[in-house]
Amino acid sequence: MNKKDLTEADIRTKFITPALDKDKHGAWDLMTQLLEEHYFTKGRVIVRGQTVHRGEAKKADYILFYKPNIPIAVIEAKDNNQPVGAGMQQALDYAETLDLPFAYSSNGDAFLEHSRLAGANPVEREIPLDQFPSPEELWQRYSAAKGYTPEQQAVATFDYYDDGSGKKPRYYQLNAINRTVDAIARGEDRILLVMATGTGKTYTAFQIIWRLWKSGAKKRILFLVDRNILADQTKTNDFKPFGQAMTKITHRTVDKSYEIYLCLYQAVTGTEEASNIYKQFSSDFFDLIVVDECHRGSAAADAAWRQVLEYFAAATQIGLTATPKETREVSNIEYFGEPIYTYSLRQGINDGFLAPYKVVRIGLDKDLDGWRPEAGKLDKYGFEIEDREYNLRDMDRNLVLERRTARVAEKITEFLRATNRYAKTIVFCENIDHAERMRQALVNANPDLAAENSKYVMRITGDNNEGKAQLDNFIDPESTYPVIATTSQLMSTGVDAQTCHLIVLDKRINSMTEFKQIIGRGTRINEDYDKFFFTIMDFKQATALFADPDFDGDPVQIYEPGPDEPVVPPGDSPLPGEDEPPGGTVVDPPPPTVPGGEEPGAPRRYYVDDVEVSVATERVQYLDADGRLITESLTDYSRKTVHKSFATLTDFLTTWNAADHEESPDRRAGRPGGLP
């Protein structure tokens, strides 16, 4: 058969694979050093209503490994009707993504090599088909460019942990692990890794620590977290292979006979110098310190974590975070340096490893238009309400409109009834008092399911032991209850809620760091439980932070229902089998123990139970397949203006979208979401 008649698959089988075969050329072990037609992404989850499908995943023709989990080259094959270098640009794109030093293209006649090593000369060269470099040759070229000593090379190539299950790190985890181990092998001692929530930071940290520990490069390691649940999850799950070499510091006691230490920073620091038990360790005791969620305070010069890090200054220190904090007072980069590797929320969604999301924006009239009490108006407890304009910033902080709370609970319930009433839901509230009132309102909005199980709605806040005791059940995919959790701060970070389908924002969020952390509660995909996307329901304009240039993961849809519009976005039909609940008796919630401010000196909080609150706005926006946010309908305040010039709203939208397609890309790029 003429070579020109062969398919690309034939070219691989008959020419490229034989050129790599160890048995024929003393080169590559096809069983352990080569992956052919390997998908390294999952394919973005594309959402249409309540249905999902995946987009195209990225697939490399060949990925070559020097050792297991140490990839070194990619090869892209083309049929013989194309030139030898026809696949090079695709190979380079993959090599950049996979962090590989060498990229190759072949049409079955020869190989074109591109070296991404600094100072490579030549950068590109053609290689005869029977002279493809061996693994040792490529590694020696790579290690020479890195300037490895034999000792450094031994650390950089040390084996990963393998439990025999076949579990392999994802490509971005390999990048993070290998870059970190490489940097430490070469003597770097301050490292920052930025990985979006849900991308496996703890597993990544485990493999880094394992390789450094087993290779002897680091002998005693401290892993710092700021939540007890994080320490327990880490010890039980990802860090389990450390076995008897590992301990968790508890009850402020120190046992120096272990090698791997897990610890809350609160457990080793205190307000009094005598209570800083970390000083029971000598300052050179630890060789490596890994700080999980390092945005939470380790980078602030006066923070407790910073005290620990500075005391153990001789140790290599790694900061892990999804959201590096950069303010005038706090800087992760100032302390750790520029991130050695970043895997963003946008990348995770595009690759199909993280769940995309929709946004339902609900504007309430008293939030948007404000509310002013009539002269001398008293709240429900008899306190005269200060005469001023109250707006969104005041709601549930200085002013509690109880019918507003009921309206929010009604809209949450409406959404769940139209989709799935057992979908795990987190409602983020302004404070503990608000979280308790929201719990009561949601119980009253769902009397049937609350009667069926008292844990259908739970307040999970730091002050409530009963609620905190249910946190493990909430994040357990196999546990039905609790279904709805109301919270303020406790669940904003470190809670691995794999099956969370709805995140409700009824709190003002002014921090991009906090916003990303909260969004991260829903970004995990769990295919076993049909969790592929989630919804954010925003009552307090927190999602305006999408417009911030620091935000890196756009929603697939934004919807603002009007007063008479359903809370579920158009196209989101109810799931089969969901019946309307039977009626039930609504019980008035008890008044708070102490009305007004939550603590001495706090501004008085007024409680008003006779002011109506209604929905004011509606908007629907979708992210199309090309990532462009387009408007499908607009029925808010501007409807009056629209109807002056167009017979129907549909006529207006048709003209609007046509004009949007016709204008220049440069002009369109200057407006967020393609809006005028």
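Leaving aside its neighbours within four places in sequence, which residues is Thr197 in contact with? They are Ala322, Leu354, Gln517, Gly520, Arg521, Thr523 and Arg524. Contact means heavy atoms within 4.5 Å.

This is a predicted model, where local features need pLDDT of at least 70, side-chain atom pairs count only at pLDDT 80 or more, and totals for chains, interfaces and linings use all residues. Residues are numbered from 1 along each chain as its sequence is written, and side-chain values use heavy atoms, with hydrogens and water left out.

Thr197 sits in the loop between β9 (190–195) and α7 (201–214). Helices (H or I, at least four residues) and strands (E, at least two) are DSSP runs, numbered from the N terminus. Thr197 counts as buried because its relative accessibility is 7%. Buried means under 20% relative accessible area, with a 1.4 Å probe and protein chains only.

Gln517, one of the contacts of Thr197, is a buried residue of α19. Eight of the eight residues of helix α19 (residues 512–519) are buried, so the rest of the structure largely encloses it. These elements are among those that cover the buried residues of α19:

| Element | Residues |
|---|---|
| α12 | 345–351 |
| β16 | 357–361 |
| β18 | 424–429 |
| β21 | 500–506 |
| β22 | 534–538 |

Now a helix pair. Helix α14 (residues 402–418) packs against helix α15 (residues 432–445) at about 50°, with axes 9 Å apart. Axes are lines fitted to C-alpha atoms, for helices over the stretch in contact, and angles run from 0 to 180 degrees between N-to-C directions.

Methods. Buried means under 20% relative accessible area, exposed over 50%, partly exposed in between (1.4 Å probe, protein chains only).
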